[in-house]
Amino acid sequence: MSDVTIAPSLTESAIKTNIHVNGHDTSMLISMRNIWKTYQMGTESVHALHGVSFDIPKGEYIAIIGPSGSGKSTLMNLIGCLDTPSEGEYWLNGKNVSDMDDDELARIRNQEVGFVFQTFNLLARATALHNVELPLIYGGVGSSQRHEMAKKALAAVDLADRVTHRPNELSGGQRQRVAIARALVNHPSILLADEPTGALDSHTSMEIMDLFERLHSEGNTIIVVTHEHDIAERAHRVVSIRDGLIEKDERIR
Amino acid sequence: MERSGDRRAKPQRSSFGLWATVYRSLPRRITSFRAVRLTAIWEAFRVATSSLRSNKLRTALTLMGIVVGVTAVIAVVTIIKGLDKTVAQTFSSQGSTVFTISKNPQIIKSREEFIKFSKRKDVTHEDAEAIGRLCTSCWRVGVAGNATETVKYADQKAENVRIRGVDPTTMFDIDGVTIDSGRIWTEGEGSSGHEICVVGTDILKNLFGGANADRAVGQELRIAGRPYMIVGVLEPLGSIFGFSRDNVVYIPYSTYQKTYGARRSLVVFIQVPTAEQLEAAEDQVRTIMGNRRGRTPGQADDEGYALETQDVFLNLYGSATSNIYIVTIGVAAVSLVVGGIVVMNIMLVSVTERTKEIGIRKAIGARRNDILTQFLIEAVTVTAIGGAIGVGTGFGLAYIISALIGFPLLVSITSAVLGVGVSSVVGIISGLWPAWRAAKLDPIEALRAE
């Protein structure tokens with residue numbers, strides 16, 4: 001049980017006193033310092049990120065925007081702990097994620113990150129409930145508690161009546177809401193959405209964005225990665241990426 | 001709660017170094033390990049069965065190799081165990097207390113041997129009498145000669161009946177047969193060449209239409225053109241390897257000699273009270289026979305007679321069945337290896353097909369071990385099901401064959417467990433490489449797959 005729920009007490013006290021460790025601000029949920037990501041393409045080194053630094057406090061609703069090839073996806077993979085930076089430090093919820101190994105990263109992803117993908121990425125053969133339970137399974141939560149948590153998460157996205165449906169029996173918007181329930185079920189530190197409306201019509205897109213707004217108002221930290229300006233403008237802060245660097249970082253509301 | 005909070009607040013590697021890090025992470029690792037393993041294993045099993053169910057034809061074809069291998073082993077082992085029991089029962093009716101003296105051994109292995117044996121003197125009634133008189137460790141001594149004849153009664157006839165001329169009547173005891181109805185001939189009748197007989201139950205079945213044994217007693221059979229009166233009927237013995245042991249007619253040896261000539265070599269049967277005395281009796285008989293053939297045991301290049309116990313049959317049977325075992329195990333090993341390769345191939349396909357799924361699972365927190373376990377369990381589930389089906393069809397096959405031939409079916413739990421166990425091991429071995437490939441997939445690459 002103690003593995004599953006995050007104990008925020010001491011982290012919060014650290015935020016209050018603003019302790020600085022190795023130059024990173026512990027009051028921030030996410031703190032990136034001089035992040036480089038370099039890929040080896042044959043003999044050539046390609047830099048996807050050229051020393052990116054920024055902080056995200058707890059409870060923020062932020063959009064990361066940029067054209068394709070800007071390094072936006074690379075940055076998202078790093079934030080989501082799917083990858084580690086070539087250089088620089090990344091602190092997530094008080095943990096230095098920069099040099100963790102695969103299994104440690106898997107654990108961080110399980111506990112701290114809730115992913116929402118463009119193409120939903122639900123397991124086709126599993127029911128909505130089972131899809132939502134999946135992070136809890138890998139977190140080692142017992143089955144009765146898992147059921148309860150998953151049902152609650154589905155109810156939170158208004159899908160209480162679709163628990164036993166499989167993805168192919170659900171509309172696009174409903175599938176994305178199942179994915180959001182799956183992302184939230186473990187109470188992660190961040191909700192990381194990659195083009196969450198990319199596969200949806202404009203009406204459903206608005207519904208999903210409304211849902212994000214509601215989740216933000218309930219205290220969740222939300223990061224949306226997109227190339228669409230009207231989606232980015234729903235956020236409170238927009239970070240623009242171009243050529244592997246932060247071009248603009250503005251608070252819009 | 002307190003501990004984990006503490007850890008979170010101090011993310012920096014402490015100055016105690018690696019050991020302190022390991023030590024601090026220890027309680028969490030151990031407690032979560034069990035819970036994660038169990039739920040992940042159950043999840044893996046669910047995924048495995050649902051993926052197998054959704055690809056029924058593929059699963060069936062994948063199973064085939066394993067099924068064939070396990071079926072072969074289970075069927076052969078079960079059949080041979082059944083035969084073993086039949087053989088043991090059959091030979092224990094005469095028992096390991098009987099040995100024989102004859103001109104030729106039962107099994108002649110080469111032409112050279114045949115030539116050597118045919119130069120030997122015949123074993124005669126006098127040899128038997130000498131053994132009976134001189135061998136103090138011997139209990140019962142008798143002689144027997146065999147022939148095969150067509151036996152007739154009225155308009156009925158039975159072919160290939162074993163005619164067994166015996167003397168004295170203790171040969172019935174040595175053969176382990178007992179009278180069911182009527183009587184055995186008297187000593188007087190036996191030594192005077194009377195044409196009387198004692199018949200096995202197959203004679204009743206084939207010539208008297210299955211009539212009651214009492215009705216056959218007193219009737220007259222015709223064997224090789226001569227009339228024989230039935231004085232007794234034997235208890236049935238049953239069959240071995242499909243050959244009836246009741247298709248027999250016993251006649252006195254003196255009568256046998258009249259029909260088949262005195263110059264035929266006969267077989268002397270010697271019985272000892274208990275198996276422990278067998279060796280002593282054999283030594284005495286060797287000395288007696290050595291004297292009678294004018295040879296010192298162990299010095300001449302041919303003893304001039306054959307002394308055999310039923311071990312000869314049992315050894316022959318044993319070496320035949322052990323050869324069958326070896327061949328079957330070879331066939332099974334080949335089909336299990338081929339089956340394992342098929343499973344490995346299908347698992348590699350399955351990993352490729354489900355790359356996206358692996359990516360999703362990794363993105364939401366599955367570790368290498370979770371993915372490895374999932375695919376291993378899938379491979380083991382396939383092969384264990386194959387093994388179970390193989391055990392079922394193997395027993396089924398053995399049942400059919402045992403019913404056809406007529407020997408008891410011995411279902412061995414050990415071989416069933418072994419069948420499923422060995423197939424599971426094949427599953428682990430052939431699943432390891434595909435599972436490892438799945439486990440080391442990069443989540444970003446995997447998510448990009450379609």
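Colleague: In which handedness of crossing does H14(B) pass H15(B)?

Modeller: The model is predicted. In it, H14 covers residues 368-405 of chain B and H15 covers residues 413-439 of chain B. The crossing in which H14(B) passes H15(B) is right-handed.

Colleague: Is H14(B) roughly parallel or roughly antiparallel to H15(B)?

Modeller: The two helices pack with their axes 7 Å apart, at an angle of about 150°. Angles over 145 degrees count as roughly antiparallel. Therefore H14(B) is, relative to H15(B), roughly antiparallel.

Colleague: How many nonpolar, polar and charged residues does the contact of H14(B) with H15(B) have?

Modeller: Sorted by class, this contact of H14(B) with H15(B) has 1 charged residue and 10 polar ones. Its nonpolar residues number 21.

Colleague: Which residues touch the most other members of the largest nonpolar core?

Modeller: Nonpolar side chains tend to be buried together in soluble globular proteins. Here the largest nonpolar core has 127 residues. A separate, second core has 51 residues, among them B:Ile101 and B:Met171. In the largest core, the residues touching the most other members are A:Ile64, A:Ala181 and A:Ile223.

Colleague: Which residues is A:Ala181 in contact with, leaving aside its neighbours within four places in sequence?

Modeller: A:Ala181 belongs to the largest nonpolar core. With those sequence neighbours set aside, its contacts are A:Val132, A:Ala153, A:Leu154, A:Ala156, A:Val157 and A:Leu159.

Colleague: What percentage of the residues of chain A count as buried?

Modeller: Chain A has 8 helices and 12 strands. Among its contacts with a separation of 6 or more, 66% join residues 24 or more positions apart. Of its 253 residues, the share that counts as buried is 49%.

Note on methods. Residues numbered from 1 in each chain as written. Chains lettered and ligands numbered in written order. Predicted model: local features only at pLDDT ≥ 70, side-chain atom pairs only at ≥ 80, totals over all residues. Axes fitted to C-alpha atoms, helices over the stretch in contact; angles between N-to-C directions. Helix = DSSP H or I, 4+ residues; strand = E, 2+ residues; numbered from the N terminus. Parallel < 35°, antiparallel > 145°, perpendicular 65-115°, else oblique. Left-handed = near helix turned anticlockwise from the far one by under 90°. Nonpolar A, V, L, I, M, F, W, Y, C, P; charged D, E, K, R; others polar. Core = buried A, V, L, I, M, F, W, Y, C linked by C-beta atoms within 7 Å. Buried ≥ 20, exposed ≤ 12 C-beta atoms within 10 Å, placed from the backbone. Contact = placed C-beta atoms within 7 Å.
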